[in-house]
Amino acid sequence: MNGFGVDSCERWWMVASGAILAAFFVAVVIGAFYGFALPGPEKRVDPGRVAVDPPFAEPAVLQRGPGRYDVYMRAQIWAFAPNEIRVPAGSTVTFYITSPDLQHGLLIERTNVNVMVLPGQVSKIAARFDEPGEYRFFCQEYCGLAHHAMFGRVVVEPRP
Ligand SMILES: [Cu+2]
C-alpha cells in the first residue's frame with residue numbers, strides 16, 4: 001500500500017495502460033502527419049467509360065521488357081477479360097484491374113494476388129510466376145447471380 005491506497009501491483013498496471021495509450025497516440029500523430037498510409041487506388045476512372053476508353057476497352061497482356069508483362073484487365077458481371085493469360089516461366093506480371101459495374105475481386109491461387117476491384121478505381125498488384133503450370137484465378141467478392149462462374153487462368157509456360 002502507498003499514500004493513495006493503491007496496491008503496487010495495481011499501480012503497475014495503471015502505468016502500463018497509460019504508456020500503451022501514449023504510444024498509440026504518438027503512432028496516430030506520426031501516421032497522420034508523417035505518412036504511413038493504407039494502400040490506395042492506383043488511379044481513378046469513370047466506370048461508365050471503362051468499356052469504351054483505353055486501356056480497359058481492349059483488355060490486353062502487354063510485354064514491357066524481358067520477363068515483364070502488364071495486364072490490363074476488366075472484372076465485370078460475370079467474367080474477367082482477359083480470362084486466359086499466357087506468360088513464360090520467370091515472368092513478373094503487373095495487373096491493372098477495374099470494374100465497369102459493381103464490386104468484384106481478383107484472387108490468383110499460389111500467389112500474393114488478392115485484391116478488391118471497385119468501379120471507379122484501378123487496383124494494381126504484381127506477382128512473379130516462376131513455376132510453369134496453371135494458376136487459376138477467380139472473383140472472391142460476391143457479385144450476384146453468376147459470381148461462381150467468374151474465373152480464369154494464368155498459364156505459365158516452360159522456358160524454351
Ligand atoms: Cu465478380
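Reader: Which residues is valine 154 in contact with, leaving aside its neighbours within four places in sequence?
Author: Contact means heavy atoms within 4.5 Å. With those neighbours set aside, valine 154 is in contact with Ile85, Val87, Phe95, Phe129, Gly133, Glu134, Tyr135 and Phe137. One thing before we go on: this is a predicted model, where local features need pLDDT of at least 70, side-chain atom pairs count only at pLDDT 80 or more, and totals for chains, interfaces and linings use all residues. Residues are numbered from 1 along each chain as its sequence is written, and side-chain values use heavy atoms, with hydrogens and water left out.

Reader: Why is a set of residues called a nonpolar core?
Author: The name goes to buried Ala, Val, Leu, Ile, Met, Phe, Trp, Tyr and Cys residues joined through side-chain atoms within 4.5 Å. Buried means under 20% relative accessible area, exposed over 50%, and partly exposed in between (1.4 Å probe, protein chains only). The largest such core here has 26 residues, and Phe80, Phe95, Leu106, Phe129 and Val154 touch the most other members. Strand β3 (68-76) gives the most to this core, with four residues. A second, separate core of six residues includes Val50, Phe56, Tyr96 and Val122.

Reader: What makes a stretch of chain a strand?
Author: Strands (E, at least two residues) and helices (H or I, at least four) are DSSP runs, numbered from the N terminus. Take β7: four of its five residues are buried, so β7 is largely enclosed by the rest of the structure.

Reader: How do you know that two strands pair?
Author: DSSP has to find at least two bridges between them. Four bridges join β7 to β8, which run antiparallel, so the pair passes that test. Glycine 105 stands opposite methionine 116 in β8. β7 and β10 have two bridges, also in the antiparallel sense, with leucine 107 facing its bridge partner phenylalanine 138 in β10. β5 and β11 run parallel, joined by five bridges.

Reader: What order do the strands take in the open sheet?
Author: Its five strands run β5-β11-β10-β7-β8, with mixed pairing. β5 and β8 are the edge strands, each pairing on one side only. The twist averages 20 degrees from one strand to the next, using axes that are lines fitted to C-alpha atoms (for helices over the stretch in contact) and angles from 0 to 180 degrees between N-to-C directions.

Reader: What makes the arrangement around the copper ion tetrahedral?
Author: Let's begin with the donors, which are N, O and S atoms within 2.8 Å of the metal (3.2 Å for Na, K and Ca); water is not among the atoms, so sites may look incomplete. His104 (ND1), Cys139 (SG), Cys143 (SG) and Met150 (SD) coordinate the ion at 2.0 to 2.5 Å. Four donors count as tetrahedral if all angles lie between 85 and 135 degrees; four count as square planar and six as octahedral if opposite donors are over 155 degrees apart and all others between 65 and 115; anything else is irregular. Here the angles are 96 to 126 degrees, so the arrangement is tetrahedral.

Reader: Why is histidine 104 called buried?
Author: Its relative accessible area is 0%, so histidine 104 is buried. Cysteine 143, at 6%, is buried too.

Reader: Why is arginine 110 called exposed?
Author: Its relative accessible area is 57%, so arginine 110 counts as exposed. Arginine 110 sits in the loop between β7 and β8, with a positive phi near 60 degrees. Most residues other than glycine have a negative phi.
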